[in-house]
Amino acid sequence: MLTEDGHLDRAYDFTGARWTYPELAEVLTQVHGKPVRYRQRPEPTAGIQGWLEHQVRSGALERQTDDLGHVLGRPPTSLHQAVRELVPASGG
């Protein structure tokens, strides 16, 4: 809940920087120190799930805003920062 002045009757779309699954695999490889590969299914999922996946992949549902950074007063956490905080580095 945003209680400071200036938020009344406002709607926000909190988004961070866009990333892809291949980019996530690359960052996981860098942080963990072991290879992580992205593999896309050869066939789409059947039914409504497949339709939804197509919408996501095509960017039809994508909306990018600066709202999160403005409300936080700083840039949102990057993909690399988030992975680094969540995934332990390889011990060897």
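Trainee: Let's start with D67: is D67 buried or exposed, and which side chain of opposite charge is nearest?
Mentor: Keep in mind that this is a predicted model. D67 is buried yet makes no salt bridge. The nearest oppositely charged side chain is R10, 5.0 Å away.

Trainee: Where does D67 sit, then?
Mentor: In helix 3, which covers residues 67–72.

Trainee: And what is D67 in contact with, leaving aside neighbours within four places in sequence?
Mentor: A11, Y12, D13 and F14.

Trainee: Switching to D9, what's up with its phi?
Mentor: D9 has a positive phi, about 65°, though it isn't a glycine. Most residues other than glycine have a negative phi. D9 is in the segment before helix 1 (21–32).

Trainee: Is D9 buried or exposed?
Mentor: Exposed, because its relative accessibility is 77% and the cut-off for exposed is over 50%.

Trainee: New topic: which residues form the nonpolar patch on the surface?
Mentor: I48, W51, L52, V56 and L61, with about 540 Å² of accessible area together. One of them, L52, is in helix 2 (residues 47–58). L52 counts as partly exposed because its relative accessibility is 36%.

Trainee: Last one, A60. Where is A60?
Mentor: In the loop between helix 2 and helix 3. A60 is partly exposed, at 48% relative accessible area.

Trainee: How far is A60 from V71?
Mentor: Their C-alpha atoms are separated by 25 Å, and the two are 11 residues apart along the chain.

Methods:
Residues are numbered from 1 along each chain as its sequence is written. This is a predicted model: local features need pLDDT of at least 70, side-chain atom pairs count only at pLDDT 80 or more; totals for chains, interfaces and linings use all residues. Side-chain values use heavy atoms; hydrogens and water are left out. Helices (H or I, at least four residues) and strands (E, at least two) are DSSP runs, numbered from the N terminus. Buried means under 20% relative accessible area, exposed over 50%, partly exposed in between (1.4 Å probe, protein chains only). Lys and Arg count as positive and Asp and Glu as negative; His and the chain ends are not counted. A salt bridge is a side-chain nitrogen of Lys or Arg within 4 Å of a carboxyl oxygen of Asp or Glu. Contact means heavy atoms within 4.5 Å. Patches are made of residues with over 30% relative accessible area and no salt bridge: like charges are joined within 9 Å, nonpolar side chains (Val, Leu, Ile, Met, Phe, Trp, Tyr) within 5 Å. Accessible areas come from the Shrake-Rupley method with a 1.4 Å probe; for residues, only the protein chains shown count as cover.
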